[in-house]
Amino acid sequence: DHIYLDCMQAGMGCACLQVTFQCCDIHEARHLYDHLCVICPIVLAISAGSPMYRGYLVDIDCRYDVISDSVDDRTAEERGLKPLKNDKYVIPQSRYGYVDMYIASDEYNDTEVPYNETAYKTLR
């Protein structure tokens, strides 16, 4: 009931199309990002291009979860599987995970996003 993929290449090595957009400023880039967050899952579902891995038919239709799992380097504590002892935060998703907030406006955001307050103040 498992297909073992032995390296990150098994996820990232799947065929894909990458597109680069050029925007006139950061505000247009954030607006475009928010719109792509809505349309990309639809295009991904329509394409359904990864039904097989290592010669086995799988019960998923796209490679996104495979890529996300292959680069997920959170500890068990950061995943919320163990109580926090050595780590500071529970991180709800992989760094290569789904988008859980919009960046052009806070109007539609309804999730708590963990962040490092010290780093935020420095960068602000």
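Visitor: Does glutamate 78 count as buried or exposed, and at what relative accessibility?

Guide: The model is predicted: local features need pLDDT of at least 70 and side-chain atom pairs pLDDT 80 or more, while totals for chains, interfaces and linings use all residues. Numbering runs from 1 along each chain as its sequence is written, and side-chain values use heavy atoms, without hydrogens or water.

Glutamate 78 counts as buried because its relative accessibility is 17% (buried is under 20%, exposed over 50%, partly exposed in between, with a 1.4 Å probe and protein chains only). Glutamate 78 sits in helix H4, residues 76–79 (a helix is a DSSP run of H or I with at least four residues, numbered from the N terminus). Serine 94 is 16 residues away along the chain from glutamate 78, and their C-alpha atoms are 9.9 Å apart.

Next, the charged pairs. The structure has two salt bridges (a side-chain nitrogen of Lys or Arg within 4 Å of a carboxyl oxygen of Asp or Glu). In one, arginine 74 pairs with aspartate 72, with 2.8 Å between the closest N and O atoms. Both of these residues are buried; for aspartate 72 the relative accessible area is 16%. Aspartate 72 also forms a salt bridge with arginine 79, where the closest N and O atoms are 3.6 Å apart. Arginine 79 has a relative accessible area of 37%, so arginine 79 is partly exposed.

For contrast, take isoleucine 46, which belongs to helix H2. Isoleucine 46 is exposed because its relative accessible area is 67%. Ile46 forms a nonpolar surface patch with Ile39, Ile42 and Val43, and together they have about 390 Å² of accessible area (Shrake-Rupley, 1.4 Å probe; patch residues have over 30% relative accessible area and no salt bridge, with nonpolar side chains joined within 5 Å).

Helix H2, residues 26–47, also contributes to the largest pocket, as does helix H3, residues 64–70, each with at least two lining residues. The share from H2 is nine residues, the largest in that lining. The lining has 32 residues, and Leu17, Cys40, Pro41, Leu44 and Tyr64 lie nearest the pocket centre (a pocket is an open set of points on a 1 Å grid where a 1.4 Å probe fits, with protein on both sides within 12 Å along at least five of seven lines; lining residues have an atom within 4 Å of a point).

Conventions
Patches are made of residues with over 30% relative accessible area and no salt bridge: like charges are joined within 9 Å, nonpolar side chains (Val, Leu, Ile, Met, Phe, Trp, Tyr) within 5 Å.
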